[in-house]
Amino acid sequence: ALAAALGMHVILSIISVFVLHDAKKVTYKKLNLKTVIQRVSAVLIVLLLPIHIMSFSLLQCSVGGAGYLLTEIAQILFYAALCCHVATSFSNALITLGYLTDMRKKRIIDIAVTVICVILFVAASVIITSVHTMIFNG
């Protein structure tokens, strides 16, 4: 069910950005940094998701060295993209769903979600490097 919801989110986002959006009216200069980060992080998530899903088997197949390092870097990049995407999208989702209307509260929520995402990213990075080190030094 979660995979289906994620797939639907990706498909609807692609449709809304590339099909329903008139590219002739909007140039990249008009997009703010938050929108650019949101879109780039979404693309990175989609590209890195297969590596994330297969990371354990990739680590089992590699004997260390480049395969180990590339898998670890891909995992950390995946979590960085995921945290950036959540941090830039969360308050907008609340506005879209009608749960948030006050712009001062939006700013507070943006700061809180960003702090939480930074903490989660640091924790995920430490866990990834620790687990990978335990697997290979085991």
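User: Happy to be looking at this chain! Among its contacts with a separation of 6 or more, what share comes from residues 24 or more positions apart?

Analyst: Good place to begin. This is a predicted model, where local features need pLDDT of at least 70, side-chain atom pairs count only at pLDDT 80 or more, and totals for chains, interfaces and linings use all residues. Residues are numbered from 1 along each chain as its sequence is written, and side-chain values use heavy atoms, with hydrogens and water left out. A contact means heavy atoms within 4.5 Å; for contacts in the chain with a separation of 6 or more, the share from residues 24 or more positions apart is 71%.

User: Which pattern does the chain follow along the sequence?

Analyst: Helices (H or I, at least four residues) and strands (E, at least two) are DSSP runs, numbered from the N terminus. The chain has five helices and zero strands. Read along the sequence, that gives α-α-α-α-α.

User: In which helix is confidence highest?

Analyst: Confidence here is pLDDT, the predictor's score for each residue from 0 to 100. The chain averages 81, and 80% of the residues score at least 70. Helix H1 (residues 2-19) is lowest at a mean of 72, while the highest, at 88, is helix H5 (residues 103-137).

User: Is Thr-71 buried or exposed?

Analyst: Thr-71 sits in helix H4 (residues 65-96). Leaving aside neighbours within four places in sequence, Thr-71 touches Ser-55, Leu-58 and Leu-59. Buried means under 20% relative accessible area, exposed over 50%, and partly exposed in between (1.4 Å probe, protein chains only). Because its relative accessibility is 6%, Thr-71 counts as buried.

User: How many disulfides does a search of the whole structure find?

Analyst: A disulfide is a pair of cysteine sulfur atoms within 2.5 Å. The sulfur of Cys-84 has its closest cysteine sulfur in Cys-83, 7.3 Å away, so that pair is too far for a bond. For Cys-117 the closest cysteine sulfur is also in Cys-83, at 4.9 Å, again too far. The number found in the whole structure is zero.

User: Which kind of aromatic pair do Phe-78 and Tyr-79 form?

Analyst: The whole structure holds one aromatic pair. Phe-78 and Tyr-79 form it, with 5.5 Å centre to centre and 75° between the planes. Rings of Phe, Tyr and Trp (its six-membered ring) pair if their centres lie within 6.5 Å, with planes under 30 degrees apart stacked, over 60 edge-to-face and the rest tilted. The pair of Phe-78 and Tyr-79 is therefore edge-to-face.
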